[in-house]
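I opened my notebook for a friendly walk through this fold, with a ligand in view. Here is what I looked up, entry by entry.

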Amino acid sequence: MRPVLYIDKRSPPVRACLMLARILKIDLEYKEIDLFKGEQNSEEFLKVSRCRCHCQEYIHLHYTLSCVSVSQINKSHTVPSFQDDKITLTDSHSILIYLCEQYGGDGGKLLYPSEDRLLRTKVINQLFFESSILFRRDSDMMSEIIRKGFSQVDILTHERKITECYDILDRFLENSKYVVHNEMTIADLSVVTTLSTVDLMFRVTEDKWRHLFKWFARMKSLPEYSECNTVGLNHLKETMERFGKFKFPQ
Ligand SMILES: N[C@@H](CCC(=O)N[C@@H](CS)C(=O)NCC(=O)O)C(=O)O
């Protein structure tokens, strides 16, 4: 079975996995889950039926996942989710690591240097920064805009929290070309897709964040950035504007 990645391209962590798979030329099967239609948890999506593979599970994802049980895929109903014949993963950071180690070959060893304990730990550190700080703040802002509509959101508070992340990233990048060292790692992929998302609202400008600006330009010049990030980002922008009843600054 080809490994499967469950995606909605509007999601930043999904886009990081797409970029990595493209860079490492990993052959994945993609299954679309439309988050804005609630497909990750709607009755339509969670269909109760007996599994064709005769396991004991009764709850199945509607059409896309056929005989794979929900509980085997993602108990928190988020994308990206990943499944191959050995493992199911429900977080982009672990998916990035696993893809490098299991399917990445020599390219994977550069992007996730698993054999160099110190470097590997630094990569993990930056993945945790993305997961627990940058993405959290992005997600808090975007979900509040969707829930309440832009006009009801205290956007200045979000600006303070998100530009604080820009300050931190700018310091990370003071002495190296990428967020861990002078070579690109999966931490850069994880950060750039979320950064490009919050940049829709608060532009990363050269005068305030010189190092971050240069790194961002470097990441944007990757072919995989335009192939795997831009489409989903533009789709998110259009969806957010529709749901939040506003326009992002140009
Ligand atoms: N830390 C997780 C975050 C995953 C996540 O929150 N995904 C969002 C889309 S960006 C989602 O699927 N939300 C749907 C929901 O919470 O119902 C990761 O990096 O994979």
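**Entry 1: Glu224.** I started with contacts, and not counting residues up to four places away in sequence, Glu224 touches Met19, Arg22 and Ile23. For a contact I ask that two C-beta atoms, placed from the backbone, lie within 7 Å. Glu224 and Met19 are 205 residues apart in sequence, and I read 5.6 Å from C-alpha to C-alpha. I found Glu224 in helix H9 (residues 223-244). My helices (H or I, at least four residues) and strands (E, at least two) are DSSP runs, numbered from the N terminus. Glu224 is partly exposed because 17 other C-beta atoms lie within 10 Å. My scale runs from buried, at 20 or more other C-beta atoms within 10 Å of a residue's own, to exposed, at 12 or fewer, with partly exposed in between; here too the C-beta atoms are placed from the backbone.

**Entry 2: ground rules.** I am working on a predicted model, in which local features need pLDDT of at least 70, side-chain atom pairs count only at pLDDT 80 or more, and totals for chains, interfaces and linings use all residues. Residues are numbered from 1 along each chain as its sequence is written.

**Entry 3: the whole chain.** I noted nine helices and six strands for the protein chain. Of its 250 residues, 38% count as buried. How much of the contacts with a separation of 6 or more comes from residues 24 or more positions apart? I got 64%.

**Entry 4: the ligand.** Which residues are closest to the ligand? I listed Ser11, Pro13, Thr78, Asp91 and Ser92, out of 14 residues that surround the ligand. By class, I sorted the shell into five nonpolar, eight polar and one charged. Here Ala, Val, Leu, Ile, Met, Phe, Trp, Tyr, Cys and Pro count as nonpolar, Asp, Glu, Lys and Arg as charged, and the others, Gly among them, as polar.

**Entry 5: Ser11.** I went back to Ser11, which sits in the loop between strand E1 (4-7) and H1. Is Ser11 buried or exposed? Ser11 counts as buried because it has 24 C-beta neighbours inside 10 Å. Leaving aside neighbours within four places in sequence, Ser11 is in contact with Leu35, Val79 and Pro80. Ser11 and Val79 are 68 residues apart along the chain, yet their C-alpha atoms are separated by 7.4 Å.

Entry 6: A cis peptide bond joins Val79 and Pro80, with omega about 0°. I placed Pro80 in the loop between helix H2 (70-73) and strand E5 (81-83). Then I checked phi and found a positive value, near 55°, at Lys25, and also near 55° at Lys245. I wrote these down because most residues other than glycine have a negative phi, and most peptide bonds are trans. Lys25 belongs to the loop between H1 and strand E2 (29-32), and Lys245 to the segment after H9. Lys25 counts as exposed, with 10 C-beta neighbours inside 10 Å. Lys245 is exposed with 12 other C-beta atoms within 10 Å.

**Entry 7: H1 on H7.** I fitted axes as lines to C-alpha atoms, for helices over the stretch in contact, with angles running from 0 to 180 degrees between N-to-C directions. The axes of H1 and helix H7 (residues 186-198) come within 8 Å and cross at roughly 135°. That angle makes H1 oblique to H7. I call angles under 35 degrees roughly parallel, over 145 roughly antiparallel, 65 to 115 roughly perpendicular and the rest oblique. From H1, the contact uses Pro12, Arg15, Ala16, Met19 and Leu20, and H7 brings Ile186, Leu189, Ser190, Thr193, Thr194 and Thr197. I counted six nonpolar, four polar and one charged residues in this contact of H1 with H7.

**Entry 8: H5 on H6.** Helix H5 (residues 117-148) and helix H6 (residues 155-172) pack at about 155°, their axes 10 Å apart. H5 is therefore roughly antiparallel to H6. Ile133, Leu134, Arg137 and Met141 in H5 meet His158, Lys161, Ile162 and Cys165 in H6. My tally for this contact is five nonpolar, one polar and two charged.

Terms used:
A residue is near a molecule or strand if its C-beta atom, placed from the backbone, lies within 6 Å of it.
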